[in-house]
Amino acid sequence: MNSSNNGISRRTFLGNTAALSVAGMLGGMPLMASGKEQVKLSFMYPVGVSGDINRIVSGMIGAFNAAHPDILVEAIYAGSYDNTEQKVMTSLGVGDPPGTWLPINSALQTFLSMDALEDVTALAKADDVYQDFLPGFLGTCISDDKLYGLPFQCSTPVLYFNKAALAKAGIKSAPNTWDELFATAKALTLRQGQDVTQWGLTIGGGWHDWMFESYVRQNGLVPWTKDKVMFDAAESVDALEFWLRMAQAGVMPTASTWQGSANDFMAGRTAMLYHSTGSMTNLRKSSPFEVGVAPMPKNKTFGASMGGGPILIAKNQPDAHKRACWTFARWMTNTANQSMWCKETGYLAARKSSWESAEMKRFVAEVPEARIALDQAAFAGAFLQVPGYHKVREYLKSAIDRTLIGEIRPDAALREATASSNREIQRMLRRRG
Amino acid sequence: MRHMLCKYWQHFVLLPVALLWLSPVLWIGVTSLKTKSEVFDSAAGWLPDIAQWSNYPAALSVAPFGRYLINSVLVTGSIIAAQLVTITLAAYAFARLRFPGKNLLFGLFLVQIMFPIYAIFLTNFVTIRELGLMNSLWALIVPFVASGYGTFMLHQAFRQVPSELADAARLDGCGHLSTLWHVYLPLVKPTLVAFAIISVVTHWNDYMWPLLVTNSEEVRTLPIGLGLLAKADSGADWTRLMAATIVVVSPLLLFFVIFQRRFVDSFMHAGIK
């Protein structure tokens with residue numbers, strides 16, 4: 001408990017210093033003129049990684065409010081990503097949206113199709129946003145060259161491995177290519193008779209479509225544009241065939257769940273695991289063995305799809321509120337706050353200057369694994385930003401599941417998923433028009 | 001020995017069943033005292049090496065659980081109190097009064113049971129907003145003060161009460177309300193208790209509706225605090241989640257333990273009179 005108390009005071013301190021510097025920077029703007037009426041805005045956010053995030057966010061917002069007497073942000077915890085989206089949609093439906101919110105980045109087109117988002121390109125260009133944010137991360141908020149928010153909590157999948165299990169099997173380093181991944185998984189799979197006691201590899205289920213997109217990206221293709229998906233392209237089919245070969249060779253279970261796969265890894269029932277960088281702190285702290293982290297192995301190239309979400313700003317609100325929302329989003333993603341957020345939560349800092357700060361350099365020296373995800377981020381891009389992404393994800397997941405249990409051929413499954421997905425996307429687009 | 005077996009054979013059958021029922025609760029309790037790495041380490045055994053009582057304050061620190069507890073009690077208590085009044089009056093009217101459109105109205109009540117709560121979230125949301133009740137405890141209570149299901153249950157129970165009893169009461173000078181109070185309610189107590197249990201558990205555990213209509217911590221309820229610990233991104237934080245679960249379910253468990261005899265009694269007497 002003691003250390004977390006220190007954490008809070010350190011955070012508050014950080015927040016305040018950061019707030020002061022931002023206030024200093026913006027001091028000349030008319031927005032900050034005193035004597036004006038206080039702007040009240042709400043910020044709806046999910047808690048994806050740990051309950052402590054709620055405290056961290058509340059602490060940040062407290063510091064923001066203290067530093068900005070003319071703005072009052074109300075922090076509203078809204079459940080999971082899906083819950084948050086429902087809550088925001090409901091408020092949008094009755095014409096009373098929150099000023100800002102934090103959805104998963106895949107939802108960008110969904111909110112755009114509701115005409116709910118404020119274009120912040122001009123504000124960002126007047127600022128250092130385009131120079132300082134990592135392009136792959138900023139890209140998650142961009143559609144048609146227009147910027148609709150600032151990346152706040154960023155993650156990618158990474159490869160976790162059980163160092164003890166690798167050492168036992170005489171393997172020196174984590175796999176770097178698909179072929180090495182397959183061979184390593186084979187060497188790590190342990191059986192007792194018919195029963196597998198340790199899988200070589202598990203791909204975190206529930207989000208395996210997210211992992212799958214990373215595999216397709218490693219084949220050199222982004223399998224979607226803003227109005228269609230290409231799950232039936234040769235690159236996608238090849239990726240699924242690779243998964244099928246691993247499943248048929250018995251080195252990887254045909255299905256898993258998100259929490260179950262993390263639990264299996266911690267319990268030593270799988271030696272390697274594809275999971276989110278967001279799980280790093282939990283996996284490292286809860287595993288009774290040493291945990292290694294590696295970038296996802298490459299095929300034609302390295303590649304990763306981004307998870308996590310940006311702070312978006314509502315269109316349907318007065319200009320003064322929009323400016324206040326921008327001040328808020330900008331503050332939450334400033335250099336000091338992104339460094340702190342990264343250290344405290346395991347999400348990746350979105351700013352180059354955060355990674356270059358002395359504080360983060362110390363952190364990376366302590367936890368070199370954090371750096372892995374950053375290196376991989378150079379190859380990362382947005383995840384499945386199509387309208388109606390909920391259903392599209394389900395179509396894709398179902399195609400993968402049915403293929404892996406041997407019900408259908410990879411190419412047929414993906415053709416079917418592509419057709420259903422594109423029909424759904426068209427339906428959503430018609431609704432927009 | 002044989003005598004023992006004859007006398008206590010029910011215990012031998014029921015004991016394993018009771019243990020089976022208790023096992024999740026025990027598992028929750030034991031897990032709430034473990035360290036994070038003990039939860040998945042099969043070598044660590046069933047019990048924690050050293051009981052980690054600090055999991056409890058650590059779990060409770062993520063949200064103001066005390067405030068949430070008071071809110072949960074207020075909300076669930078108000079809902080059940082209001083429901084018992086409304087369903088009793090409605091069920092009596094449907095079971096014993098004659099008025100035009102009765103069957104149609106009762107049919108509509110039944111239709112309400114068939115709608116899943118999620119289907120009417122948006123309309124309820126709009127109503128609550130227009131009433132100006134957003135982000136208040138009222139928003140959590142008002143949509144549930146009537147219950148089609150409870151009305152239906154009680155309606156069936158009232159119809160099984162012999163009408164001779166009501167007639168006798170009328171001869172003794174009872175009006176509708178006193179007949180209801182002195183004749184019907186004592187006879188349908190088991191139904192009321194059964195409905196109360198279902199309703200209390202449902203509303204105590206409700207998550208999505210409170211999440212939707214409340215924004216500030218002052219008006220939120222226990223399941224929302226629990227949701228903070230059961231998250232999707234990184235695998236649940238088992239030890240703290242289980243500690244918080246113990247805290248959230250214990251008021252209900254305590255309530256049942258205290259009133260157990262009364263609950264069982266009212267079930268035992270069903271149909272005897």
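Q: What share of contacts in chain A, between residues at least 6 apart in sequence, join residues at least 24 apart?
A: In this predicted model, 75% of those contacts do, where two residues are in contact if their C-beta atoms, placed from the backbone, lie within 7 Å.

Q: How many helices and strands are in chain A?
A: Chain A has 20 helices and 16 strands, taken as DSSP runs (helices H or I, at least four residues; strands E, at least two) numbered from the N terminus.

Q: And how much of chain A is buried?
A: Of its 433 residues, 54% are buried, which requires 20 or more other C-beta atoms within 10 Å of a residue's own, with C-beta atoms placed from the backbone.

Q: Switching to chain B, at what angle do α5 and α8 pack?
A: Helix α5 (residues 102–114) of chain B and helix α8 (residues 148–159) of chain B pack at about 125 degrees with axes 8 Å apart, the axes being lines fitted to C-alpha atoms over the stretch in contact and angles running from 0 to 180 degrees between N-to-C directions.

Q: Which residues of α5(B) and α8(B) meet there?
A: B:F109, B:L110, B:Q112 and B:I113 of α5(B) meet B:G148, B:Y149, B:T151 and B:F152 of α8(B).

Definitions and conventions. Residues numbered from 1 in each chain as written. Chains lettered and ligands numbered in written order. Predicted model: local features only at pLDDT ≥ 70, side-chain atom pairs only at ≥ 80, totals over all residues. Buried ≥ 20, exposed ≤ 12 C-beta atoms within 10 Å, placed from the backbone.
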